[in-house]
Amino acid sequence: MSEFSSQDRRFMQRALQLAERGRFGAHPNPMVGCVLVRDDDIVGEGWHPLAGEAHAEIYALQDAGSMAEGATAYVTLEPCAHHGKTPPCCDALIAAGVSNVVIAREDPNPKVNGQGIARLAKAGITVRTGLLQDAADLLMAGFLSRVSRGRPRVRLKIAASLDGRTAMASGESQWITGAAARKDVQRLRAKAGAILTGIGTVLADDPALTVRDTEINPHNRQPLRVILDSRLRMPASARMLALAGETLIFCRESDNAVELGEAGAEIVRLDSDSDSIDLVNVLEQLAGREINDVLVEAGPTIAGQFLTQRLVDELVIYQAPKILGSETKGMATTPGWERLADGLSLNIIEITPVGDDIRITAIPSAD
(Lines give C-alpha, C1' and ligand atoms only; values in the text may rest on other atoms or scores of the structure.)
Protein backbone atom coordinates (compact mmCIF):
# COMPACT_ATOMS: atom_id res chain seq x y z
CA MET A 1 0.00 0.00 0.00
CA SER A 2 1.39 3.41 -0.97
CA GLU A 3 2.33 5.81 1.82
CA PHE A 4 0.49 8.54 -0.11
CA SER A 5 -3.15 8.52 -1.15
CA SER A 6 -4.70 9.95 -4.30
CA GLN A 7 -5.90 12.87 -2.16
CA ASP A 8 -2.34 13.50 -0.99
CA ARG A 9 -1.20 13.63 -4.60
CA ARG A 10 -3.99 15.99 -5.58
CA PHE A 11 -3.13 18.46 -2.83
CA MET A 12 0.61 18.32 -3.54
CA GLN A 13 -0.09 18.86 -7.22
CA ARG A 14 -1.96 21.99 -6.26
CA ALA A 15 0.99 23.13 -4.14
CA LEU A 16 3.27 22.65 -7.16
CA GLN A 17 0.91 24.72 -9.32
CA LEU A 18 1.02 27.50 -6.74
CA ALA A 19 4.82 27.32 -6.51
CA GLU A 20 5.13 28.03 -10.23
CA ARG A 21 3.50 31.42 -9.72
CA GLY A 22 6.81 32.57 -8.23
CA ARG A 23 8.80 31.74 -11.37
CA PHE A 24 9.48 35.38 -12.23
CA GLY A 25 10.08 36.78 -8.73
CA ALA A 26 11.32 34.19 -6.23
CA HIS A 27 14.93 34.13 -7.45
CA PRO A 28 17.41 33.48 -5.84
CA ASN A 29 15.08 31.54 -3.57
CA PRO A 30 13.42 28.37 -4.87
CA MET A 31 9.82 28.41 -6.03
CA VAL A 32 7.70 26.97 -3.22
CA GLY A 33 3.97 26.38 -2.80
CA CYS A 34 1.94 25.38 0.24
CA VAL A 35 -1.60 24.07 0.71
CA LEU A 36 -3.37 23.63 4.07
CA VAL A 37 -6.10 20.97 4.24
CA ARG A 38 -8.72 20.06 6.83
CA ASP A 39 -11.30 17.31 6.35
CA ASP A 40 -10.23 16.97 2.70
CA ASP A 41 -10.94 20.64 2.02
CA ILE A 42 -8.32 23.26 1.18
CA VAL A 43 -8.46 25.98 3.84
CA GLY A 44 -5.34 27.93 2.92
CA GLU A 45 -3.01 28.44 -0.04
CA GLY A 46 0.23 30.31 -0.54
CA TRP A 47 3.37 30.61 -2.63
CA HIS A 48 6.62 32.55 -2.46
CA PRO A 49 6.05 35.46 -4.86
CA LEU A 50 9.14 37.62 -4.44
CA ALA A 51 12.56 37.27 -2.83
CA GLY A 52 12.60 39.12 0.48
CA GLU A 53 8.88 38.63 1.06
CA ALA A 54 7.19 35.96 3.19
CA HIS A 55 7.52 32.31 2.20
CA ALA A 56 4.72 30.10 0.92
CA GLU A 57 3.88 28.63 4.32
CA ILE A 58 3.30 32.06 5.85
CA TYR A 59 0.88 33.14 3.13
CA ALA A 60 -0.99 29.83 3.42
CA LEU A 61 -1.28 30.23 7.21
CA GLN A 62 -2.55 33.77 6.79
CA ASP A 63 -5.08 32.53 4.24
CA ALA A 64 -6.27 29.76 6.56
CA GLY A 65 -6.42 31.77 9.78
CA SER A 66 -7.77 29.70 12.70
CA MET A 67 -8.56 26.83 10.31
CA ALA A 68 -4.83 26.01 10.23
CA GLU A 69 -5.08 24.31 13.61
CA GLY A 70 -5.17 20.55 13.10
CA ALA A 71 -4.63 20.89 9.36
CA THR A 72 -2.26 19.02 7.09
CA ALA A 73 0.28 21.19 5.27
CA TYR A 74 1.45 20.15 1.80
CA VAL A 75 4.71 21.93 1.00
CA THR A 76 6.88 21.52 -2.10
CA LEU A 77 10.13 22.06 -0.15
CA GLU A 78 11.16 21.41 3.44
CA PRO A 79 10.16 24.41 5.60
CA CYS A 80 13.12 26.56 6.56
CA ALA A 81 14.52 26.38 10.08
CA HIS A 82 16.79 29.42 10.08
CA HIS A 83 16.44 33.18 10.30
CA GLY A 84 17.10 34.79 6.93
CA LYS A 85 15.18 37.78 5.65
CA THR A 86 12.13 36.13 7.25
CA PRO A 87 11.65 33.99 10.41
CA PRO A 88 11.70 30.15 10.24
CA CYS A 89 8.62 28.71 8.55
CA CYS A 90 8.71 25.53 10.61
CA ASP A 91 8.19 27.63 13.76
CA ALA A 92 5.16 29.30 12.17
CA LEU A 93 3.64 25.91 11.30
CA ILE A 94 4.22 24.68 14.85
CA ALA A 95 2.71 27.83 16.37
CA ALA A 96 -0.36 27.51 14.12
CA GLY A 97 -1.00 23.99 15.42
CA VAL A 98 -0.82 22.00 12.18
CA SER A 99 -0.89 18.27 12.85
CA ASN A 100 0.73 16.86 9.69
CA VAL A 101 3.22 18.09 7.12
CA VAL A 102 3.75 16.43 3.73
CA ILE A 103 6.89 17.56 1.89
CA ALA A 104 7.83 16.96 -1.74
CA ARG A 105 11.56 17.08 -1.11
CA GLU A 106 14.08 17.84 1.59
CA ASP A 107 16.07 21.07 1.27
CA PRO A 108 19.78 20.38 0.47
CA ASN A 109 20.70 23.92 1.56
CA PRO A 110 23.14 23.47 4.50
CA LYS A 111 21.16 26.09 6.42
CA VAL A 112 18.17 23.71 6.37
CA ASN A 113 19.10 20.16 5.28
CA GLY A 114 16.73 18.25 7.53
CA GLN A 115 16.64 20.72 10.39
CA GLY A 116 13.13 21.88 9.49
CA ILE A 117 11.86 18.30 9.45
CA ALA A 118 13.57 17.54 12.76
CA ARG A 119 12.05 20.59 14.42
CA LEU A 120 8.56 19.71 13.19
CA ALA A 121 8.91 16.12 14.39
CA LYS A 122 10.19 17.24 17.78
CA ALA A 123 7.02 19.32 18.16
CA GLY A 124 4.93 16.18 17.65
CA ILE A 125 3.97 16.86 14.03
CA THR A 126 3.79 13.88 11.68
CA VAL A 127 6.10 14.48 8.71
CA ARG A 128 6.15 12.56 5.42
CA THR A 129 8.53 13.33 2.56
CA GLY A 130 9.04 12.42 -1.08
CA LEU A 131 5.59 13.03 -2.57
CA LEU A 132 5.93 14.10 -6.24
CA GLN A 133 9.61 14.85 -5.66
CA ASP A 134 10.51 14.53 -9.34
CA ALA A 135 8.04 17.28 -10.23
CA ALA A 136 9.34 19.46 -7.41
CA ASP A 137 12.93 18.89 -8.50
CA LEU A 138 12.09 19.98 -12.03
CA LEU A 139 10.43 23.13 -10.75
CA MET A 140 13.44 24.18 -8.67
CA ALA A 141 16.17 22.66 -10.85
CA GLY A 142 18.32 25.81 -10.86
CA PHE A 143 18.28 26.17 -7.08
CA LEU A 144 19.15 22.49 -6.64
CA SER A 145 21.96 22.80 -9.18
CA ARG A 146 23.51 25.73 -7.35
CA VAL A 147 23.23 24.16 -3.91
CA SER A 148 24.20 20.60 -4.88
CA ARG A 149 26.61 21.06 -7.83
CA GLY A 150 28.03 24.46 -6.99
CA ARG A 151 27.02 25.95 -10.34
CA PRO A 152 23.81 27.34 -11.85
CA ARG A 153 21.61 25.50 -14.27
CA VAL A 154 22.48 26.56 -17.83
CA ARG A 155 19.87 27.04 -20.54
CA LEU A 156 21.22 27.75 -24.04
CA LYS A 157 18.85 29.69 -26.28
CA ILE A 158 19.41 29.70 -30.03
CA ALA A 159 17.41 31.43 -32.78
CA ALA A 160 18.04 29.78 -36.15
CA SER A 161 16.70 29.20 -39.62
CA LEU A 162 15.36 25.85 -40.73
CA ASP A 163 18.83 24.97 -42.07
CA GLY A 164 20.41 25.74 -38.70
CA ARG A 165 21.91 29.14 -39.48
CA THR A 166 22.01 31.92 -36.89
CA ALA A 167 23.38 34.92 -38.80
CA MET A 168 24.41 36.10 -42.22
CA ALA A 169 28.09 36.23 -43.12
CA SER A 170 28.03 39.97 -42.33
CA GLY A 171 26.83 39.20 -38.80
CA GLU A 172 23.25 40.36 -39.45
CA SER A 173 20.90 38.35 -37.26
CA GLN A 174 17.98 40.63 -36.34
CA TRP A 175 15.50 39.21 -36.78
CA ILE A 176 15.57 35.57 -37.86
CA THR A 177 12.54 34.62 -35.79
CA GLY A 178 9.25 36.49 -35.47
CA ALA A 179 7.68 38.68 -32.82
CA ALA A 180 5.96 35.80 -31.02
CA ALA A 181 9.25 33.95 -30.54
CA ARG A 182 10.96 37.09 -29.30
CA LYS A 183 8.16 37.62 -26.77
CA ASP A 184 8.60 34.02 -25.66
CA VAL A 185 12.30 34.71 -25.05
CA GLN A 186 11.23 37.45 -22.65
CA ARG A 187 9.76 34.71 -20.45
CA LEU A 188 13.04 32.79 -20.53
CA ARG A 189 14.88 35.93 -19.50
CA ALA A 190 12.44 36.66 -16.69
CA LYS A 191 13.00 33.20 -15.23
CA ALA A 192 16.79 33.55 -15.31
CA GLY A 193 19.04 34.94 -12.63
CA ALA A 194 21.59 35.94 -15.26
CA ILE A 195 21.78 36.36 -19.03
CA LEU A 196 25.20 35.56 -20.50
CA THR A 197 26.64 36.59 -23.84
CA GLY A 198 29.99 37.31 -25.43
CA ILE A 199 31.69 40.51 -26.47
CA GLY A 200 31.18 39.62 -30.12
CA THR A 201 27.41 39.84 -29.69
CA VAL A 202 27.75 43.11 -27.79
CA LEU A 203 29.90 44.70 -30.50
CA ALA A 204 27.68 43.43 -33.32
CA ASP A 205 24.21 44.09 -31.88
CA ASP A 206 24.59 46.37 -28.81
CA PRO A 207 21.87 44.31 -27.05
CA ALA A 208 19.93 45.42 -23.99
CA LEU A 209 19.60 41.93 -22.44
CA THR A 210 16.66 43.08 -20.34
CA VAL A 211 13.15 41.85 -19.56
CA ARG A 212 11.01 44.51 -21.19
CA ASP A 213 7.62 42.80 -20.89
CA THR A 214 6.01 44.48 -17.87
CA GLU A 215 3.22 41.90 -17.82
CA ILE A 216 5.62 39.15 -16.77
CA ASN A 217 8.01 41.49 -14.96
CA PRO A 218 5.84 43.93 -12.97
CA HIS A 219 8.58 44.50 -10.37
CA ASN A 220 11.16 45.36 -13.08
CA ARG A 221 13.56 42.74 -11.68
CA GLN A 222 16.35 42.56 -14.22
CA PRO A 223 18.59 39.50 -14.46
CA LEU A 224 22.29 40.07 -14.02
CA ARG A 225 23.88 40.73 -17.42
CA VAL A 226 27.09 38.70 -17.82
CA ILE A 227 29.58 39.48 -20.58
CA LEU A 228 32.54 37.27 -21.50
CA ASP A 229 35.13 39.69 -22.77
CA SER A 230 38.65 38.25 -22.67
CA ARG A 231 40.49 41.41 -23.83
CA LEU A 232 37.98 43.83 -22.27
CA ARG A 233 36.81 45.43 -25.50
CA MET A 234 33.42 46.38 -24.03
CA PRO A 235 32.63 50.00 -24.96
CA ALA A 236 31.66 52.27 -22.09
CA SER A 237 28.92 53.55 -24.41
CA ALA A 238 27.18 50.15 -24.60
CA ARG A 239 23.50 50.82 -24.06
CA MET A 240 23.04 48.06 -21.47
CA LEU A 241 25.26 50.03 -19.08
CA ALA A 242 22.68 52.83 -19.01
CA LEU A 243 19.75 50.50 -18.32
CA ALA A 244 18.24 49.17 -15.10
CA GLY A 245 20.04 46.17 -13.66
CA GLU A 246 23.67 45.21 -13.21
CA THR A 247 26.32 44.26 -15.75
CA LEU A 248 29.18 41.93 -14.82
CA ILE A 249 32.13 41.52 -17.20
CA PHE A 250 34.55 38.61 -16.97
CA CYS A 251 37.89 39.29 -18.62
CA ARG A 252 41.57 38.29 -18.72
CA GLU A 253 42.90 41.81 -19.35
CA SER A 254 41.65 44.85 -17.48
CA ASP A 255 43.18 47.92 -19.15
CA ASN A 256 39.76 49.50 -19.69
CA ALA A 257 38.39 48.65 -16.24
CA VAL A 258 38.32 52.16 -14.76
CA GLU A 259 36.27 53.67 -17.59
CA LEU A 260 33.84 50.74 -17.60
CA GLY A 261 33.53 50.89 -13.83
CA GLU A 262 32.59 54.54 -14.05
CA ALA A 263 29.98 53.60 -16.66
CA GLY A 264 28.38 51.17 -14.20
CA ALA A 265 29.93 47.79 -15.00
CA GLU A 266 31.56 45.45 -12.51
CA ILE A 267 34.81 43.91 -13.79
CA VAL A 268 36.09 40.50 -12.66
CA ARG A 269 39.49 39.45 -13.93
CA LEU A 270 40.02 35.70 -14.24
CA ASP A 271 43.43 34.20 -14.81
CA SER A 272 43.55 31.59 -17.55
CA ASP A 273 46.16 29.47 -19.29
CA SER A 274 44.43 30.03 -22.63
CA ASP A 275 43.03 32.94 -24.62
CA SER A 276 39.48 32.03 -23.64
CA ILE A 277 37.74 32.49 -20.31
CA ASP A 278 37.28 29.47 -18.06
CA LEU A 279 33.54 28.79 -18.23
CA VAL A 280 33.52 26.52 -15.18
CA ASN A 281 35.13 29.31 -13.16
CA VAL A 282 32.50 31.75 -14.45
CA LEU A 283 29.66 29.45 -13.40
CA GLU A 284 31.20 28.90 -9.98
CA GLN A 285 31.53 32.65 -9.54
CA LEU A 286 27.88 33.11 -10.48
CA ALA A 287 26.82 30.40 -8.03
CA GLY A 288 28.67 32.34 -5.35
CA ARG A 289 26.42 35.28 -6.21
CA GLU A 290 23.32 33.10 -5.67
CA ILE A 291 22.52 32.78 -9.36
CA ASN A 292 20.36 29.70 -9.90
CA ASP A 293 19.69 29.83 -13.63
CA VAL A 294 21.81 31.21 -16.46
CA LEU A 295 20.35 31.91 -19.89
CA VAL A 296 23.07 31.87 -22.55
CA GLU A 297 22.24 34.08 -25.54
CA ALA A 298 25.48 34.12 -27.46
CA GLY A 299 27.07 33.54 -30.83
CA PRO A 300 28.29 30.20 -32.17
CA THR A 301 31.71 30.39 -30.50
CA ILE A 302 30.47 30.64 -26.92
CA ALA A 303 27.52 28.35 -27.65
CA GLY A 304 29.98 25.78 -28.94
CA GLN A 305 32.21 26.12 -25.88
CA PHE A 306 29.31 25.51 -23.51
CA LEU A 307 28.13 22.52 -25.54
CA THR A 308 31.60 21.01 -26.03
CA GLN A 309 32.38 21.27 -22.32
CA ARG A 310 29.02 19.63 -21.49
CA LEU A 311 27.90 22.63 -19.43
CA VAL A 312 24.45 22.99 -21.01
CA ASP A 313 21.53 21.53 -19.08
CA GLU A 314 18.82 22.51 -21.56
CA LEU A 315 18.62 23.87 -25.09
CA VAL A 316 15.78 26.03 -26.35
CA ILE A 317 15.98 26.40 -30.12
CA TYR A 318 13.64 28.69 -32.02
CA GLN A 319 13.56 27.76 -35.69
CA ALA A 320 12.14 30.06 -38.33
CA PRO A 321 10.74 28.76 -41.66
CA LYS A 322 13.63 30.24 -43.62
CA ILE A 323 16.64 28.94 -45.52
CA LEU A 324 19.66 31.24 -45.12
CA GLY A 325 22.13 29.20 -47.16
CA SER A 326 25.64 27.90 -46.68
CA GLU A 327 27.57 31.19 -46.54
CA THR A 328 26.20 32.01 -43.10
CA LYS A 329 26.95 31.28 -39.43
CA GLY A 330 25.88 28.06 -37.77
CA MET A 331 24.46 27.34 -34.33
CA ALA A 332 27.71 26.35 -32.63
CA THR A 333 31.42 26.25 -33.36
CA THR A 334 32.72 22.89 -32.19
CA PRO A 335 35.87 20.81 -32.54
CA GLY A 336 36.38 18.98 -35.83
CA TRP A 337 34.28 15.96 -34.99
CA GLU A 338 34.92 13.25 -37.58
CA ARG A 339 32.47 10.51 -36.55
CA LEU A 340 28.78 10.54 -35.79
CA ALA A 341 29.59 9.17 -32.37
CA ASP A 342 31.67 12.28 -31.60
CA GLY A 343 28.66 14.59 -31.77
CA LEU A 344 26.42 15.63 -28.91
CA SER A 345 23.19 13.63 -28.74
CA LEU A 346 20.04 15.32 -27.49
CA ASN A 347 16.72 14.17 -26.11
CA ILE A 348 13.89 16.31 -27.44
CA ILE A 349 11.45 17.15 -24.66
CA GLU A 350 8.99 19.34 -26.51
CA ILE A 351 8.26 20.83 -29.92
CA THR A 352 5.83 23.76 -29.81
CA PRO A 353 4.64 26.23 -32.47
CA VAL A 354 5.36 29.84 -31.47
CA GLY A 355 3.79 32.16 -34.00
CA ASP A 356 5.24 31.26 -37.41
CA ASP A 357 8.24 29.58 -35.76
CA ILE A 358 8.74 26.43 -33.73
CA ARG A 359 10.38 26.05 -30.32
CA ILE A 360 12.39 22.90 -29.67
CA THR A 361 13.27 22.12 -26.07
CA ALA A 362 15.95 19.46 -25.59
CA ILE A 363 18.39 18.17 -23.02
CA PRO A 364 21.78 16.57 -23.67
CA SER A 365 21.74 12.80 -23.49
CA ALA A 366 23.55 11.18 -20.59
CA ASP A 367 27.04 10.01 -21.49
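E297 is buried, with a relative accessible area of 9% (buried means under 20%, exposed over 50% and partly exposed in between, using a 1.4 Å probe and protein chains only). This is a predicted model, in which local features need pLDDT of at least 70 and side-chain atom pairs count only at pLDDT 80 or more, while totals for chains, interfaces and linings use all residues. Residues are numbered from 1 along each chain as its sequence is written, and side-chain values use heavy atoms, with hydrogens and water left out.

E297 sits in the loop between β12 and α11 (300–308); helices (H or I, at least four residues) and strands (E, at least two) are DSSP runs, numbered from the N terminus. Its side chain makes a polar contact of 2.8 Å with that of R189. Such a contact is a pair of N or O atoms within 3.5 Å; within protein, one must be able to donate a hydrogen and the other to accept it, and residues adjacent in sequence count only if both atoms are side-chain atoms. Setting aside neighbours within four places in sequence, E297 is in contact (heavy atoms within 4.5 Å) with K157, V185, R189, I195, L196 and T197.

R189 and V185 bring us to helix α7, where both are among the buried residues, along with A181, D184, Q186, L188 and A190. The cover over these buried α7 residues includes β6 (153–161), β8 (194–198), β12 (293–296), β13 (314–320), β15 (346–354) and β16 (357–364).

Now for the cores, each a set of buried Ala, Val, Leu, Ile, Met, Phe, Trp, Tyr and Cys residues joined through side-chain atoms within 4.5 Å. The largest has 41 residues, of which M12, L36, Y74, L93, V98 and V101 touch the most other members. Helix α1 (residues 6–19) is the top contributor to this core, giving 6 residues. Another core, of 31 residues, lies apart from that one and has L196 among its members.

H27 and P28 are joined by a cis peptide bond, with omega about 5°, and P28 belongs to the loop between α1 and β1 (33–38). In the loop between α8 (199–205) and β9 (224–228) lies D206, a non-glycine residue with a positive phi, near 45°. L209 lies in the loop between α8 and β9 and has a positive phi near 55°. D206 counts as partly exposed at 29% relative accessibility, whereas L209 is buried at 3%.
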